[in-house]
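Here is a brief report on helix packing and aromatic pairs. Please view the sequence and structure first.

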Amino acid sequence: HHRIPIVKELQNDVHLQAYLKHPNGIYLSIKQFANEYQSLRSTLGSEHSLAIQMHLSSIADENDIVGARLSFLRLQRVYQLKASEMVRGNYLGWLGPELDEVDALMIGETAFTDGQLEFANQWLHEALSLTRKREPSVGVGNFEESIPATGKILALLGRSYLRQGLPEKAAEMYTQAAYIDPRDGNVIALKLELVHKPPLTEPVFTNENLQKLCLLQNKLPDNKFDPRLNCVYRQVILPYYRFKQELISVSPYLALFY
């Protein structure tokens, strides 16, 4: 019972409510929640009751964090956002908490894995910039060297460039990454891929009309569209997950879900 006043206080916390409405705040909360419960899962191991297993299975985990990272890419594509602004918590003027270099790296890596290479490049460049600002250098003066996190980012950038048909830029990234951390898994993978080149990745296709409708949001569409037709976002139980509903016919009623 002593926790009830604390919960009520949090429910009435205006700053907390604003934090949890912002995409970055939602993501950071999910990540914190999942990481804390992962510690509990690790502590309990497999030796716990079925009831506890069922409860833990309904709690956010790594898969939910990955899903939250993908939601950044959906927002970025629909609203034509830049990773540099999203990292700083600026969503078309809607300000919120900032992300750090680890978040930028993980979102970039998720974009790379998902084949969204244009976005991967943006996020990885942000991760590289933030990492270089915050990493302590090894050495003194002209002999300073970056520490391994930079090597991983450079290697991922190289792997992305290679899949975009830019082998020269990929080779440049490999030279820098291999000097910093030749044992990193992505550096090794890039070295092999420079020899046995992977197939090019096709750009992610987005329906042009859907994109236009979603970008319009609450504005009246132009004459190309029936003003009754629209594209809206629907929410499910997970707060960070959205799907698109495109109304393509009023009578008969017909809608597409993405």
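Contact means heavy atoms within 4.5 Å. By that rule, T131 touches E101, A149, T150 and I153, leaving aside residues up to four places away in sequence. The model is predicted: local features need pLDDT of at least 70, side-chain atom pairs count only at pLDDT 80 or more, and totals for chains, interfaces and linings use all residues. Residues are numbered from 1 along each chain as its sequence is written, and side-chain values use heavy atoms, without hydrogens and water.

T131 sits in helix α8 (residues 117-134). Helices are DSSP runs (H or I, at least four residues), and strands are too (E, at least two), numbered from the N terminus. Buried means under 20% relative accessible area, exposed over 50%, and partly exposed in between, with a 1.4 Å probe and protein chains only. T131 is buried, because its relative accessibility is 4%. A polar atom of its side chain lies 2.6 Å from the backbone oxygen of A127.

**Aromatic pairs**

The structure holds two aromatic pairs. Rings of Phe, Tyr and Trp (its six-membered ring) pair if their centres lie within 6.5 Å; planes under 30 degrees apart count as stacked, over 60 as edge-to-face and the rest as tilted.

| Pair | Centres | Planes | Class |
|---|---|---|---|
| Y27 and F72 | 5.1 Å | 70 degrees | edge-to-face |
| F72 and W123 | 6.0 Å | 55 degrees | tilted |

Y27 lies in helix α3 (residues 23-44) and F72 in helix α5 (residues 62-79), so their pair ties together parts 45 residues apart in sequence. The other pair links F72 in helix α5 to W123 in helix α8, 51 residues apart. Y27 is buried at 2% relative accessibility. F72 is buried at 1%. F72 and W123 are both buried. Y27, F72 and W123 form one aromatic cluster.

**Helix α11**

Which residues of helix α11 (residues 185-195) are buried? They are N186, V187, A189, L190 and E193. These cover an arc of only 160 degrees around the axis, so they lie on the same side of α11. The arc is that of the directions from the helix axis to the C-beta atoms. L192 and V195, on the other side, are exposed. The buried residues of α11 pack against α7 (101-113), α9 (149-163) and α10 (167-180). D184 caps the N-terminal end of α11, with a side-chain oxygen 2.9 Å from the backbone nitrogen of N186.

Notes
Polar contact = N/O pair within 3.5 Å; in protein donor to acceptor, adjacent residues only side chain to side chain.
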